[in-house]
Structures are given as C-alpha cells and as structure tokens.
Amino acid sequence: MTTWDTIWTNAQLATLIAGASTPYGLIEYGALASKDGKITWVGAIKDLPGPADTLARTVVDLNGALVTPGLIDCHTHLVYGGNRAREFEERLHGKSYAEIARAGGGILSTVRATRDASEDALVENTLPRLDSLINEGVTTIEIKSGYGLDCDNELKMLRVARRLVEHRTINIKTTLLAAHALPSEYKGRADDYITLVCEEILPAAHAANLVDAVDGFCETIGFTTAQIERVFEKATTLGLNVKLHAEQLSDQGGAKLAARYHALSADHLEYLAVGDVQALAEANTVAVMLPGAFYALQETKVPPIDAFRKAGVDMAVATDCNPGSSPLTSLLLAMNMAATQFRMTPEEALSGVTRHAATALGIGDETGTLAIGKTADLAIWSTEHPSELTYNIGFNPLKTRIFAGVAQP
C-alpha cells in the first residue's frame, strides 16, 4: 500500500540541518519523500521502510543528482518602474551613490517612474526579473515596497507583489518599506513624513492584509534611528515583524536598534562596528549579506564576517535586486560574490540562501531545510557536490525545481 505521493531516490541530499554531523548535512545515496506538499521522509536509501515503488505513487530516480531546499531570496526590491542605467554611468565617472541621491536621482528617480506606472505595467515589468530567479531554483522571495512613498502607491506596489503568484508558482513575502527615502513633497519635513508612514500608510497596508513585515532605511540619506524607532513602535503594536537596512554607507547605530526590537534581520552591515555584533547574536537577528550592492557601489569596507561567525550570528545572502545599487537577478551569483568578496565559505553561502534566509523571513519552521514536516520546496541540480553552486560563475546547473512536492515546468 502506497504511503507517499512521490519519493526521490538515488540522490545526494544537502539537508542544511543545523548541527548535522556532515558538512551541508549531506546524505549520500539518499531518498526524500513528500505527501500533500510536505516532506514526509528523509534519509539514506538503505533505511527506507520498504521498496520505493511500494511506498509512493511516483518514484523518481535522480541518478546521483544533488537536492537542496528550494532557494530563498530574502531581500529584494523586485517591483519598480524604469531603470537607472544612466546613474550607473555617473558612478563610473566618479559620482557617489549619496551624491546622486542628493541631486534628485537615486531612489527618488525610481519613485517617479513607479508612481507613473500602472499595476498591470508593474506586473509585466517585474515578471522577467522574477523568472530569472525562479530559473535558478528560487521557491520563496521577499519583495519590498519603498518606491511609492505615499499611501496609494505603497499599497499599489504591495498589491503588485501579491499578484505575482497569479502568474508564477512562487511563495512571496511582502515587506513595507515606506521609510525608504524622503519624498520630494516632504523635503525638509522628515518627521512629518514618518508621521504619515505610522498613522496612514502602515495601518492601511496592514488592514488590507498586504504586509508581512516592516523595514526601514537607517542612513544619512535615509532616516535617523529615532525616526525608524517610531515606525518600529507602530509595527509592533500591529503585531508585525520588523527588519532594517542598517550600516550600509555609515554607522548610524541601526543594527543596535534592530536588535532592541528583535528584528528578523539587519541587512547590509558593511559599516557595523564589531562591538555591536553581540547585540544581533543575543536578539537572534539574522545578518543579511548583500554582495550585489557592495559590488555595484564599488564599496571597499567588508561586513564583519568573522565577528558574526564567532558570535554565532546567522548570515543570510540575498540579491538585493533593485534598479540603483544592485540590478542583480541571480542568487547563484550572489552566493559566489559572498564567497569571493566577503570570504564566506560555500557552506555558509548555501545556508545563507536556504536555512538562514528562511529565518530572516520568519518562516524557518516552514522551509529552508530538508526536514520532515517542512514544505517540499526543492531544487535538483546536476552537480557532484554542493560547493559547486557557489563555485561556478554565470552557470546555472538547475535540473528541476519542485514546489510543494510538484515538479515545475
């Protein structure tokens, strides 16, 4: 009598289980089974409770292929209008990201294009970027707002993000990033804009069930810790998790604020003081590494990776896909960049786009590892060892993406 829907056999399973006895939690000559979209069995083939064809309706022999959890991109700004290729040229001619922003470019130029775009146009423009990530085995993605900067357009962005699941088989988590930049109509009135965020935008997004978490940009060209704390306070009263863009261009003490509010994650962190790392560890806040932005902005100050290791801070890796500072739509390349630029190990990089990325989104009990009870979101690769996923540059070895136990075309 069959017990499971599908069993994949003759596989190398990179379970990514914390504290596993082997690197990557690797099980060679393994098998994995699913039923009703959940993982129901993981282990060595020799330990199966019977012949595979008696245990599941469908048996798939993977002939030694590698299986990992479906990849998770836990920090993106995937929905936006226009592009900023000209600003890329300006940076190559010596202008800094901050100089461009203060001159009316940067985030505000994307705000103008996003406000002008319809929902349908934003969906159409976003799908090719989403497809690039899906084609590399991504099964879960976080998408932030932050290019609307008023109530109607912030909600428009969040609705677009939610609508993407109507077009693609993907799990999407939405994050309200209304505290991203100061809109031009509020120039010189940052506190008034934060009042708008707290009293109008955030409650409206929550009431419409459009937001899973709340983010902010704590920076000299963004908002102060006192202003972000107001946003965090409001989010907390609504029962929403928080996260923060912190210490990307300077040390503003954002990471310490994030830790005080037990934020899911603090992201970027190039300028984080080593002395503040322990606060993240004690708060169980994930440090999200965004090497695409580091690369595109030609940054030279590296996040304190070794201090994170020593303190036991979980490190995630994400694309930070956005039109200005990280026009990156390859999570595999982000893994390679995390290794080559930040000196993360291949195992840390793979954990960073699976287990730790799930924690950074507050869904670590649902996905991110190959474990019984987790959603059967899998990526099957034509590689001999998990390290190859980080090692290769510009090569995609994905064979099959499995979403909730079902192979995707």
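Predicted model: local features only at pLDDT ≥ 70, side-chain atom pairs only at ≥ 80, totals over all residues.
Colleague: Let's start with helices H7 and H8; at roughly what angle do their axes cross?
Modeller: H7 covers residues 190-207 and H8 covers residues 225-237. Their axes come within 10 Å, and the crossing angle is roughly 15 degrees.

Colleague: Is H7 roughly parallel or roughly antiparallel to H8?
Modeller: The axes of H7 and H8 cross at roughly 15 degrees. Angles under 35 degrees count as roughly parallel. That makes the relation of H7 to H8 roughly parallel.

Colleague: Which residues of H8 make the contact with H7?
Modeller: H7 passes H8 in a right-handed crossing. On the H7 side, the contact is made by Ala190, Asp191, Ile194, Thr195, Val197, Cys198, Leu202 and Pro203. On the H8 side, the residues are Gln227, Arg230, Val231, Lys234 and Ala235.

Colleague: How many residues of the contact of H7 with H8 are nonpolar?
Modeller: Among the residues of this contact, two are polar and three are charged. The number of nonpolar ones is eight.

Colleague: Moving on to H5 and H6, is the crossing of H5 over H6 right-handed or left-handed?
Modeller: The axes of these two helices come within 9 Å and cross at roughly 50 degrees. That makes H5 oblique to H6. As for the hand of the crossing, H5 passes H6 in one that is right-handed.

Colleague: How many charged residues does the contact of H5 with H6 have?
Modeller: From H5 come Glu119, Asp120, Leu122 and Val123, which meet Lys156, Arg159, Val160 and Arg163 in H6. Three residues of this contact are nonpolar and no polar ones take part. The charged residues number five.

Colleague: Which helices are included in what covers the buried residues of H4?
Modeller: In H4, residues 107-116, the buried ones are Ile107, Leu108, Ser109, Thr110, Val111 and Thr114. What covers them includes helices H2, H3, H5 and H6.

Colleague: Now for Asn322: is this residue buried or exposed?
Modeller: Asn322 has its place in the loop between strand E13 and helix H13. Its relative accessible area is 4%. Buried means under 20%, so Asn322 is buried.

Colleague: Which residue has its backbone nitrogen 2.7 Å from a polar atom of the Asn322 side chain?
Modeller: Not counting residues up to four places away in sequence, Asn322 touches His77, Tyr80, Tyr147 and Pro327. The backbone oxygen of Asp320 lies 2.8 Å from a polar atom of the Asn322 side chain. The backbone nitrogen at 2.7 Å from a polar atom of that side chain belongs to Ser325.

Colleague: What is the phi of Asn10?
Modeller: Asn10 is found in strand E1, residues 4-14. With 24% relative accessibility, Asn10 counts as partly exposed. Although Asn10 is not a glycine, its phi is positive, at about 55 degrees.

Colleague: And what is the relative accessible area of Leu16?
Modeller: Leu16 lies in the loop between E1 and strand E2. Phi of Leu16 is near 60 degrees, a positive value in a residue other than glycine. Leu16 is buried, and its relative accessible area is 1%.

Key. Residues numbered from 1 in each chain as written. Heavy atoms only, no water. Axes fitted to C-alpha atoms, helices over the stretch in contact; angles between N-to-C directions. Helix = DSSP H or I, 4+ residues; strand = E, 2+ residues; numbered from the N terminus. Parallel < 35°, antiparallel > 145°, perpendicular 65-115°, else oblique. Left-handed = near helix turned anticlockwise from the far one by under 90°. Contact = heavy atoms within 4.5 Å. Nonpolar A, V, L, I, M, F, W, Y, C, P; charged D, E, K, R; others polar. Buried < 20%, exposed > 50% of the residue type's maximum accessible area, 1.4 Å probe, protein only. Polar contact = N/O pair within 3.5 Å; in protein donor to acceptor, adjacent residues only side chain to side chain.
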